[in-house]
Amino acid sequence: MALWRVRATVDDRPGYLSVLTASLALRGVNILTVQVHTTEVGAVDDFLVDAPDTLDEADLIAAVERGRGRDCWVARSEARGLADQPTRVLGLATRLVGDPELAGEVLRATLGADEVTWRPTASVGHDAVGTTTMLLTDPAGGSYELRRQAPSFTPAEYARAQALVELAAAVARREADRVVVVLPDGAELTVRPATSDDLAGVVDLHGRCSARSRQRRYLSGAAAPSPARLRRLLEPARGLTLVATTTGSDGAAESVVALANLLAEGDEAEAALLVRDDWQRRGLGTALLRRLLAHAERAGFAALVLHTQAENTPMVRTVARLGRSAPIERDGSLLTVTVGLSARVGDGPVADGPGRPGAAVIGPRRTGATGGVC
């Protein structure tokens, strides 16, 4: 017996697939796996089959055509083809998460492409589905061109490939946002986007902060937020959360020493900071706020807003160090500081959702970020 890949278009009508499978069965062909790709001209069925050694390519094509299949393509396969396709794609996606530079290699393995070329120019026109050339837009800039001799690419393959390219771009953006910050006293910290895996470290951070620091951060009390609320803050639907971490010189586990949130609503982005007490007044709050400001500006927001207590002079000084115009409104013991951003007319938040420029001071605690301590 020998393994073959067979691809054919079958009319999407009741009973037609059974006619094709019956035609193969009459020749002793055992169907091991099947994938169905929906197209405008019918269902493209992709089979992995085990056929008698006496059958060759011509025999298989003839069997498919007698079973009402058309546009048939047949090629010898290997044992690795027995792997479940969704599982295989997930494994390749895992490789991308580890190294987004493998995008071309992963695309080649996923689609069996003979050639994958990255070009600095964006793809123009159609995606070339239905031919043996596929064009993919790279969200990081440029485009990929994939070619193979046969069979033609299907819409399902195009969607799968575009999802992998977007995954690689997202991982690359996350890695690009990971930086080492050197504080004025020489201390080094890693600042990076937060993930749900940071929950335990962020819970520990809140436990190590004083009641005063937590109250300055959340304005509504000194108790630490619930793990469920912290999880939502780590990966906001719109915005960005950064963590600052340090690793002990003896190789101790990474420790979260600061949390910076940027939560968006409409045109504005609201910022808030929490810095562990032993790391306060060392310039870390300023470094984090500058990164939040840069992200909000790149995303096209009109203003960065902070809410803080009037007695929280360290936060007010931190904002002043940004060197931006920052009008302050006072409502009792609460200050609302609005930092204007250089958004252009017609721009909107690129990464975080729609919006329109036009600076405005929002009311207190609108997005839930609130407060800060440096």
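Predicted model: local features only at pLDDT ≥ 70, side-chain atom pairs only at ≥ 80, totals over all residues.

Biologist: How many bridges join β1 to β4?

Modeller: Five, between strand β1 (residues 2-10) and β4, and the two run antiparallel. Within that region, R7 stands opposite W73 in β4.

Biologist: Now the pocket. How much space lies in the largest pocket?

Modeller: About 900 Å³. The lining of the largest pocket has 33 residues, and R5, S77, R88, A109 and G112 lie nearest its centre.

Biologist: Which elements give two or more residues to the lining?

Modeller: The strands β1, β2, β3 and β4, together with the helices α3 (85-98), α4 (103-111) and α5.

Biologist: There is a three-stranded sheet too. What is the order of its strands?

Modeller: The order is β5-β7-β6, in an open sheet with antiparallel pairing. β5 (115-119) and β6 (133-137) stand at the edges with a single partner strand each, so one side of each has no neighbour in the sheet. The twist averages 20 degrees from one strand to the next.

Biologist: What stands opposite L135 in β7?

Modeller: E145. β6 and strand β7 (residues 143-147) pair in the antiparallel sense over five bridges. As for helices here, α5 packs on the sheet and touches β6 and β7, with its direction at about 35 degrees to that of β6. α4 lies across β5, β6 and β7 and runs at about 35 degrees to β7.

Biologist: Moving on to β12. How many residues of β12 are buried?

Modeller: Eight of the eight, so β12 is largely enclosed by the rest of the structure.

Biologist: Which residues are on each side of β12?

Modeller: E268, E270, A272 and L274 are on one side, and A269, A271, L273 and V275 are on the other. These residues are all buried, and both faces of β12 are covered. In a regular strand the side chains alternate between the two faces of the sheet.

Biologist: What does β11 form with β12?

Modeller: A hairpin, with two residues between the strands. G266 in the turn has a positive phi of about 65 degrees. Strand β11 (residues 255-265) and β12 run antiparallel and are joined by eight bridges. A264 stands opposite A269 in β12.

Biologist: And in what sense do β12 and β13 pair?

Modeller: In the parallel sense, over three bridges. The bridge partner of E268 in β13 is A303.

Biologist: What are the buried residues of α10?

Modeller: For helix α10 (residues 313-320) they are P314, M315, T318 and V319. They cover an arc of only 140 degrees around the axis, which puts them on the same side of α10. The buried residues of α10 pack against α7 (211-218), β12 (268-275), α9 (284-298), β13 (303-309) and β15 (334-340).

Biologist: V316 lies in that helix as well. Why does V316 count as partly exposed?

Modeller: Because V316 has 27% relative accessibility, and buried means under 20%. Leaving out residues up to four places away in sequence, V316 touches T308 and L335. V316 is 21 residues from V337 in sequence and 8.4 Å from V337 in space, C-alpha to C-alpha.

Biologist: Last thing, the whole chain. How many helices and strands?

Modeller: The protein chain comes to 10 helices and 15 strands. Of its 374 residues, 46% are buried. Among contacts with a separation of 6 or more, 65% are between residues 24 or more positions apart.

Key
Residues numbered from 1 in each chain as written. Heavy atoms only, no water. Buried < 20%, exposed > 50% of the residue type's maximum accessible area, 1.4 Å probe, protein only. Helix = DSSP H or I, 4+ residues; strand = E, 2+ residues; numbered from the N terminus. Arc of directions from axis to C-beta. Contact = heavy atoms within 4.5 Å. Pairing = 2+ DSSP bridges. 1 Å grid on protein atoms, 1.4 Å probe; cavity = no way out; pocket = protein on both sides within 12 Å on 5 of 7 lines; lining within 4 Å. Points joined across faces, edges and corners; volume = space filled by probe spheres on them. Axes fitted to C-alpha atoms, helices over the stretch in contact; angles between N-to-C directions.
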